[in-house]
Amino acid sequence: MIEDRSVCTFYSKIGACRHGEKCSRKHIQPHESKTVLLANLYPNPKTDRNSDISVSDNTSAEAFEHFYIDVYKRLAQAGEIDSMLVCENENFHLSGNVYVKYTSTSAALQAVMSINQEWFAGKPVYCELSPVQSFHEAKCRSHDTNTCNRGDHCNFMHVKKVRSELVRKLRLAQEKSLALRKLRELFGDEKWGEEWEKGTKEKYSRDRKKRKVEKVEVDKIAADEDVKKNEKEAIGEKETAKAENVDEKEKTKSTGHEPEEESEDEPVSTTEAVARLFA
């Protein structure tokens, strides 16, 4: 594939260029994309002089998580989020950039239309569709292993790390919200399942072991009932046979002879039959 040298590869791959509008190459902004860029949204304590959080402050990680949660929840209202990352580079065109990749282009467009006019932390939000297709290609791999020679002025994304447990919980909350939304559309009731949206401090547990034990106990009870039923039927059959024997004995006593056994009719000749008739 021949590369078009008139197109800025940094903008196409990362969605941001250090030269900005003064770049000699073309910055082709997509009309349709699953990725959204919120430029300089995160108040990076390394570059933001107005930030109340210092670089060495112990609360820096906690403050970033609060920021991540707030932005994720707001952006998830536009549609299902596939992934979200925040840049901690010190150069202006990447510092504090938030990239969000949705599962559909319609959700990304909805996010741009609804969020681009809002304010966050006392400053307007700039939201636009980004040409970034793969975060893997846009990220600085050396930064992940702390071996980047360019430091925080690198022109590739230096992604700020976020706890995997936090990301997992946000994804579960998103799945729950999407499921409720679909059920409400199905039932035609916007308030259906409101009690499930309330927060809870109870730890979620499926209790698989407990359910397995309960199932074994139920099966055991059912087996015991079948055994008892079979025993009752066997006892009933024995009592019936015993009663029949008693009836036969009483009949024998009253008649004075044993009951004749049923025998099959043997064929006889006509002469013998007449003789028996007059015997």
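This is a predicted model: local features need pLDDT of at least 70, side-chain atom pairs count only at pLDDT 80 or more; totals for chains, interfaces and linings use all residues.
Me: What is the general idea behind a nonpolar core, and which residues have the most contacts inside the largest one here?

Reply: In soluble globular proteins, nonpolar side chains tend to be buried together. In this model the largest such core has 28 residues, and Val 36, Leu 38, Leu 75, Val 98 and Tyr 102 have the most contacts inside it.

Me: Which helices and strands each supply at least two residues of this core?

Reply: The helices are α2 (60-75), α3 (105-115) and α6 (164-187), and the strands are β1 (35-38), β2 (81-86), β3 (98-102) and β6 (127-130). The largest share, 6 residues, comes from α2.

Me: What does Leu 38 touch, leaving out residues up to four places away in sequence?

Reply: Its contacts include Leu 75, Val 98, Val 100, Ile 115 and Cys 127. Gly 96, Asn 97, Val 125 and Tyr 126 are also touched by Leu 38. Another core, of 12 residues, lies apart from the largest one; Ala 16, Leu 37, Cys 87 and Phe 135 are among its members.

Me: How is the second largest pocket lined, by class?

Reply: Its lining has 8 nonpolar, 8 polar and 3 charged residues. Of these 19 residues, Tyr 11, Gly 15, Leu 37, Ala 39 and Glu 128 are the closest to the pocket centre. The space in this pocket is about 490 Å³.

Me: Which residues does the "zinc finger region: C3H1-type" annotation cover?

Reply: An annotation may be inferred rather than shown by experiment. Here the unreviewed UniProt entry places it on residues 2-30 and 134-161. In the model, residues 134-161 are 29% helix and 0% strand, with 18 Å between the end C-alpha atoms.

How values were computed: Residues are numbered from 1 along each chain as its sequence is written. Side-chain values use heavy atoms; hydrogens and water are left out. A nonpolar core is a set of buried Ala, Val, Leu, Ile, Met, Phe, Trp, Tyr and Cys residues joined through side-chain atoms within 4.5 Å. Buried means under 20% relative accessible area, exposed over 50%, partly exposed in between (1.4 Å probe, protein chains only). Helices (H or I, at least four residues) and strands (E, at least two) are DSSP runs, numbered from the N terminus. Contact means heavy atoms within 4.5 Å. On a 1 Å grid over the protein atoms alone, a cavity is a set of points where a 1.4 Å probe fits but cannot get out, and a pocket is an open set with protein on both sides within 12 Å along at least five of seven lines; lining residues have an atom within 4 Å of a point. Grid points are joined across faces, edges and corners, and a volume is the space filled by probe spheres set on the points. Ala, Val, Leu, Ile, Met, Phe, Trp, Tyr, Cys and Pro count as nonpolar, Asp, Glu, Lys and Arg as charged, and the others, Gly among them, as polar.
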